[in-house]
Amino acid sequence: MRLAFVVPRYGAGVLGGAETAARQLAERLVAAGWRSEVFTTCATDAMTWEDALPPGTATEGGVTVHRLASAKGRDPGFHPYSGRLLASPEAATRAEAERWIDLQGPICPDLVEAVASSEADIVAFYPYLYYPTVKGVPRLSHRAVLHAAAHDEAPLRLPVFPEVFASAGGLVFHTHTERALVQRLFGLAERPQIVLGLGVERHAQADPGAVPDRPYLVCIGRVDGPKGADALAKAFLAYKRRRPGSIALVFVGPVVDTPPAHPDIVVTGPVDEPTKWGLIEGATALVSPSALESFSLVVVEAWSAGIPVMVNGRCDPTREHCERSGGGAWFTDYASFEVLLDRILADAPLRRALGEAGRRYVEANFTWPVVIQRYQRFVSQVANRA
């Protein structure tokens, strides 16, 4: 079996859920003896899509990576245009939706041509949102497997996407919630599909050097208002006013919106993997405040370390994880945040029980041997149909 991956940006230094998922899966498949290669652009920044790396072919993590220069990155007029169009995406015309795709970038016809000319039996596209997927999936049709990473957002309702989803030879979902959403919008129950999730890659040597010397909550990911960081900081500071004590909140990741300066809020910025795992393993709980996650790898990583989680109840995928695993609980407003945090801080047996339930859930569903075996079986089925 020869498998190709198409992702708009790629590399160990690229931060992003879909990009990380594609890279880890490609590397694991190569290690399992499959022939896997990647087709991508030269961009590393999803805000501009400017070419940052040289075009050409290289081997990274055992995977052959083909980088092609884009014809155009993100247009300066994209955000004003997008704001107007996404106010009512169902009312957009096909032409308006295609213009949205082009303005968003990256426009890379050479990438689509290269993968269409490849000898790959199956081509896996990540995620649904960008030009390479929008143009590539209909072009390759039955050979295409779409890893959509879809969540309930306005762009998913643009009239360009029904063809993309309907053209794919197979669909791979992160959660049952994502599959239900796609089924509700596009009605593709007859299409080969699998709820795969993501594999957990736990670093063998956690570094406790950055761990605070007091109890703390940890939030890992982009520190950004749309990702829920502002709302979490506000709720935490309200909690500290009502419940003075030693608990701290540690934000880990690239900082877009700086949280308020406060002695109980720690902002580390990006950290390496050993430090990240040290912060996870030392935490009282991990908090995922985002309402727009398609899977949330950090939630699963926390459970792999036996750490309970608190999630935004408005995020269907992370709430689904908690419901299926019994490894965490959710909040929807300040009152429920306070009640949940009170319980977790006061009840050590509860924390242990939540963490162990989460660990069992991960071991049954998201360890790499389980994920690879299920994925190999699925793509072989799609290839046989093609």
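Which residues of S5 are buried on one side and which on the other? In the predicted model, Ile122 and Ala124 are buried on one side of this strand, and Val123 and Phe125 are buried on the other, so that both faces of S5 are covered. In a regular strand the side chains alternate between the two faces of the sheet.

Strand S5 (122-125) belongs to an open sheet of eight strands with mixed pairing, in the order S3-S4-S2-S1-S5-S6-S7-S8. The edges are formed by strand S3 (56-60) and strand S8 (193-195), each of which pairs on one side only. From one strand to the next, the twist averages 20°. Strands of a sheet pair through backbone hydrogen bonds, either parallel or antiparallel. Both senses are represented here.

Around S5, the pairing is parallel with S1, through four bridges, and parallel with S6, through three bridges. Leucine 3 has isoleucine 122 of S5 as its bridge partner, whereas alanine 124 stands opposite valine 145 in S6.

Helix H2 (residues 78-85) has four named buried positions, namely Phe78, Tyr81, Ser82 and Leu85. These residues cover an arc of only 100° around the axis and therefore lie on the same side of H2. An α-helix has 3.6 residues a turn, so residues three or four places apart point the same way. The buried residues of H2 pack against helix H3 (94-104).

The cysteines were examined next. Zero disulfides are found in a search of the whole structure. Cysteine 108 takes part in no disulfide, and the nearest cysteine sulfur, that of cysteine 42, is 7.5 Å away. Cysteine 108 is buried, with a relative accessible area of 0%. For cysteine 219, the closest cysteine sulfur is that of cysteine 315; because the two sulfur atoms are 12 Å apart, they are too far for a bond. Cysteine 219 also counts as buried, at 9% relative accessibility.

Technical notes. Residues numbered from 1 in each chain as written. Predicted model: local features only at pLDDT ≥ 70, side-chain atom pairs only at ≥ 80, totals over all residues. Heavy atoms only, no water. Disulfide = S-S within 2.5 Å. Buried < 20%, exposed > 50% of the residue type's maximum accessible area, 1.4 Å probe, protein only. Helix = DSSP H or I, 4+ residues; strand = E, 2+ residues; numbered from the N terminus. Arc of directions from axis to C-beta. Contact = heavy atoms within 4.5 Å. Pairing = 2+ DSSP bridges. Axes fitted to C-alpha atoms, helices over the stretch in contact; angles between N-to-C directions.
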